[in-house]
Amino acid sequence: MSNSAPSPAGIVRVSLWGAVNAYLVPEDDGLTLVDTTMKAGAARLVAASEQLGQPIRRVVLTHAHDDHVGGLDALVERLGDVEVLISTRDARLLAGDRTLDPDEPQSKLRGGLHGAKTAPTRTLEHGDRVGSLRAVAAPGHTPGQLAFLGERDGTLLCGDAYATMFTVATCARAAKRFPLPGLATWHKPTALESARALLALAPERLAPGHGPVVEGPVAAMEHAVARGC
Ligand SMILES: [Zn+2]
């Protein structure tokens, strides 16, 4: 596990193998955990919260892919009474329902979608707030992906809308050296639109599901959107 330096608001990245990230966000009542990595990550995430000396009060999921929700059941087992939040749309994927709505692009869902036994305690829509975080719709990678903007310090927890392995890239195309987010993306034109919408937030730092936290990411995000990936 590698933790990186906390953001000004104290948001800490916890990474499995430097490649699969979750984040601990301090709030008045304890920690919000954003994403859960894989099953193997659950114990490490609890250990990281103990290092910070605060309990995990809620688990927020950016989207329902296995490498983001894989630790959920094990975490809930350990933590007991904890809030679980995901978008209303991806809650269906979490429950194992892979149907598409008639008004959605009829593209094949991609990536690991084995779901979880745990059901959300609340579902989220664009604009909803979770403590200091504001949910921002970022569909395309999955139909209901949400990014979360930390309003205290401009940290954008972007899920897989962007990855920062080797270089900043969107999931709208399979990047040469780290193709996984692109290969797991449901509808690439929608993903590119979402990347553009997140760029318009002009975040202070980009905190992705895969890769290191990038400070001052706007120019790199612009570049990624301009080349369509
Ligand atoms: Zn994903």
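1. Setting aside neighbours within four places in sequence, A135 contacts E125, H126, G127, D128, L146, A147 and F148, a contact being heavy atoms within 4.5 Å. A135 sits in strand β9 (residues 133-137), where strands (E, at least two residues) and helices (H or I, at least four) are DSSP runs numbered from the N terminus. A135 is buried, its relative accessible area being 0%; buried denotes under 20% relative accessible area, exposed over 50% and partly exposed in between, for a 1.4 Å probe and protein chains only. Between the C-alpha atoms of A135 and L149, 14 residues apart along the chain, the separation is 6.6 Å.

2. The model is predicted: local features need pLDDT of at least 70 and side-chain atom pairs count only at pLDDT 80 or more, while totals for chains, interfaces and linings use all residues. Residues are numbered from 1 along each chain as its sequence is written, and side-chain values use heavy atoms, with hydrogens and water left out.

3. The zinc ion has as protein donors H63 (NE2), H65 (ND1), H141 (NE2) and D160 (OD), at 2.1 to 2.3 Å. Donors are N, O and S atoms within 2.8 Å of the metal (3.2 Å for Na, K and Ca); water is not among the atoms, so sites may look incomplete. The sequence spacing of the donor residues is H-x1-H-x75-H-x18-D. H63 lies in the loop between β5 (56-60) and α2, and H141 in the loop between β9 and β10 (146-150), so this pair ties together parts 78 residues apart in sequence.

4. Both H63 and H141 are buried.
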